[in-house]
Amino acid sequence: MSHRFTRRQFATATGAVALGVSALPAASAAANPVAAPVHRNFPRDFAWGTATSAYQIEGAVNEDGRGPSIWDAYAHTPGKIRDGSNADHAADHYRRYKEDIQLMKALGVNAYRFSIAWPRIFPQGTGAANPKGLDFYNRLVDELLANGIEPFATLYHWDLPQALQDRLGGWQSRDTAKAFGDYAGYVAQHLTDRVRNIFTINESATFIDFGYGAGPVEMAPGVKLPQAGLNQVRHHVALGHGLAVQAIRANGRAGTQVGPAENIVACVPAIETPANIRASEIATREMNGGYLTVILEGRYTDGFLAYAGKDAPVFTAEDLKIISSPVDFVGINVYMPQHYVVATEDASGFALVPFPSSFPRMESDWLRIGPEAMYWAPRNLAKVWNVENIYISENGTSAADQPDAGGKIHDLDRIMYLRNYLTQLQRATAEGVPVRGYFQWSLMDNFEWPDGYDKRFGLYHVDFATQKRSPKLSAEFYRAVVAANALV
Ligand code: PNW
């Protein structure tokens with residue numbers, strides 16, 4: 001039998017609406033549970049922001065004494081970037097930052113996460129500072145504050161000064177960790193009179209695995225290390241984080257809030273039973289063993305060391321103390337569930353469930369759609385380590401973004417993605433998970449690393465030929481959420 005409406009059924013259905021049957025009598029309206037609106041609010045004083053990073057938007061790579069970074073060299077190497085592009089001009093934010101702050105204002109956000117380009121501040125990585133480089137961030141911060149937007153600065157979003165790569169092999173050397181600490185101290189001295197929140201390092205997991213490992217994606221510097229070398233890089237990056245925390249405490253204004261911005265390995269219970277939930281907590285600790293766990297506990301877990309075996313990093317007890325310097329908050333970038341987890345009877349207590357090939361994804365092939373990661377990642381962070389202040393330092397998606405005849409982009413898929421993830425975030429905050437703010441990635445389309453300009457993550461569309469910015473439909477969605485401080 002056909003499932004289509006017969007002509008008669010169709011006539012009856014439309015007829016009912018035409019006759020006004022949908023206008024229910026008052027008494028039954030009051031009794032109708034559908035009529036009761038549920039306010040899914042976020043906490044008072046919640047920070048609503050957007051996020052960007054220096055190399056992805058600034059351009060002006062030779063301006064005002066900026067030194068080269070590993071991403072300049074990498075992007076200019078033929079064959080490395082999917083569309084053959086580089087970020088020499090990117091979104092020209094270095095010149096258009098005032099206009100871009102007005103885009104934020106139009107969204108109604110009260111916070112902005114940006115990154116500082118280390119090679120603008122120290123063109124050679126160490127040595128003489130470049131005051132003109134710092135001046136850009138002074139102008140940016142002043143303009144943000146004048147517009148009522150709280151600046152959150154990230155110190156390292158992957159644009160390592162090329163000089164440190166040439167001289168030291170980048171993060172393969174602990175001297176790079178030390179140089180990073182010195183740079184952090186300098187920034188703290190000059191900006192923390194106005195910048196109250198600092199993220200140290202963005203997504204160590206991503207730039208280490210893709211920059212130094214044999215991962216499915218390659219990023220700068222594009223060095224392929226064996227496992228032992230990779231674990232040593234990991235250790236140096238964690239050490240760099242700890243040295244930066246200490247330098248900010250020593251040189252920054254008292255009360256400056258500092259923490260990492262990590263691509264947490266989000267472990268989600270495959271089915272939310274008590275046993276699987278417990279397994280997801282155990283997995284969270286083990287699967288983040290190379291970075292968040294050592295930062296928050298001051299030790300590598302037995303599981304991490306056993307798994308690494310002879311490839312374990314070389315470290316001292318003093319290193320672990322530095323790495324675990326107390327932080328004020330933990331920032332996590334949440335895009336997807338890295339793993340679904342079930343409980344097991346064996347010693348480990350958990351198993352990772354393989355993903356079926358039909359698991360849904362957004363436009364970037366790595367971006368799996370699993371909104372409940374936005375509940376479980378902060379929930380397990382708070383549960384496992386008693387973290388009291390959490391920021392979602394990034395969340396967002398690429399989309400095909402096809403303009404209609406009038407040029408408007410109706411990015412319903414991005415709205416779908418954001419609404420579902422924010423629903424799970426509200427579930428977390430309603431249960432008391434201490435998430436203090438959310439930074440949507442990204443304010444506008446930008447240079448998406450090895451994907452070049454081929455993948456667009458912005459709430460604002462950027463025409464890279466004219467640098468014109470236009471709001472997509474998702475910008476209107478986000479503005480409505482921020483204005484209501486609730487799901488809409
Ligand atoms: C993050 N993955 O990168 C970065 O912090 C941003 O700079 C970037 O633009 C954004 O997310 C969107 O990609 C990631 O393959 C890159 O799992 C790749 C992955 C995750 C995060």
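**Sheets, helices and a ligand**

Reply: An open sheet of three strands has the order β6-β8-β9, and its pairing is mixed. Strands here are DSSP runs of E with at least two residues, helices are runs of H or I with at least four, and both are numbered from the N terminus. Two strands pair if DSSP finds at least two bridges between them.

Me: Which are the edge strands?
Reply: They are β6 (267-269) and β9 (350-353), and each pairs on one side only. From one strand to the next, the twist averages 45°. Such angles run from 0 to 180 degrees between N-to-C directions, with axes fitted as lines to C-alpha atoms, for helices over the stretch in contact.

Me: Before we go on, where does this model come from?
Reply: It is a predicted model, where local features need pLDDT of at least 70, side-chain atom pairs count only at pLDDT 80 or more, and totals for chains, interfaces and linings use all residues. Residues are numbered from 1 along each chain as its sequence is written, and side-chain values use heavy atoms, leaving out hydrogens and water.

Me: Okay, back to the sheet. In what sense do β8 and β9 pair?
Reply: Strand β8 (residues 339-343) pairs with β9 in the antiparallel sense, over four bridges. In β9, F350 is the bridge partner of A343.

Me: And what holds paired strands together in general?
Reply: Strands of a sheet pair through backbone hydrogen bonds, either parallel or antiparallel.

Me: Which helix lies across β6, β8 and β9?
Reply: That is α12 (residues 274-287), which runs at about 125° to β8. Contact here means heavy atoms within 4.5 Å.

Me: New topic: how many strands are in the closed barrel?
Reply: Eight, in the order β1-β2-β3-β4-β5-β7-β10-β11, with parallel pairing. Ignoring direction, neighbouring strands of this sheet are turned by 25° against each other on average.

Me: Can you zoom in on one pair there?
Reply: Take β7 (residues 330-333) and β10 (residues 390-395), which run parallel and are joined by four bridges. I332 stands opposite I392 in β10. Helix α18 (residues 473-484) packs on the sheet, where it touches β1 (47-51) and β11 (435-441), and its direction makes about 155° with that of β1.

Me: Which strands does α11 lie across?
Reply: Helix α11 (residues 227-251) lies across β3 (150-156), β4 (197-202) and β5 (257-262), at about 165° to β4.

Me: What about the ligand? Which residues come nearest?
Reply: Q56, H157, N202, E448 and W449 come nearest, out of 17 residues around the ligand. A residue counts as near if one of its heavy atoms lies within 4 Å. By class, this shell has eight nonpolar, six polar and three charged residues. Ala, Val, Leu, Ile, Met, Phe, Trp, Tyr, Cys and Pro count as nonpolar, Asp, Glu, Lys and Arg as charged, and the others, Gly among them, as polar.

Me: How far is H157 from the ligand oxygen?
Reply: A polar side-chain atom of H157 lies 2.8 Å from an oxygen atom of the ligand. For N202, a polar side-chain atom lies 2.9 Å from a ligand oxygen.

Me: Last one: where is the cis peptide bond with P221?
Reply: It joins A220 and P221, with omega of about 5°. P221 lies in the loop between α10 (204-212) and α11. Most peptide bonds are trans.

Key. Polar contact = N/O pair within 3.5 Å; in protein donor to acceptor, adjacent residues only side chain to side chain.
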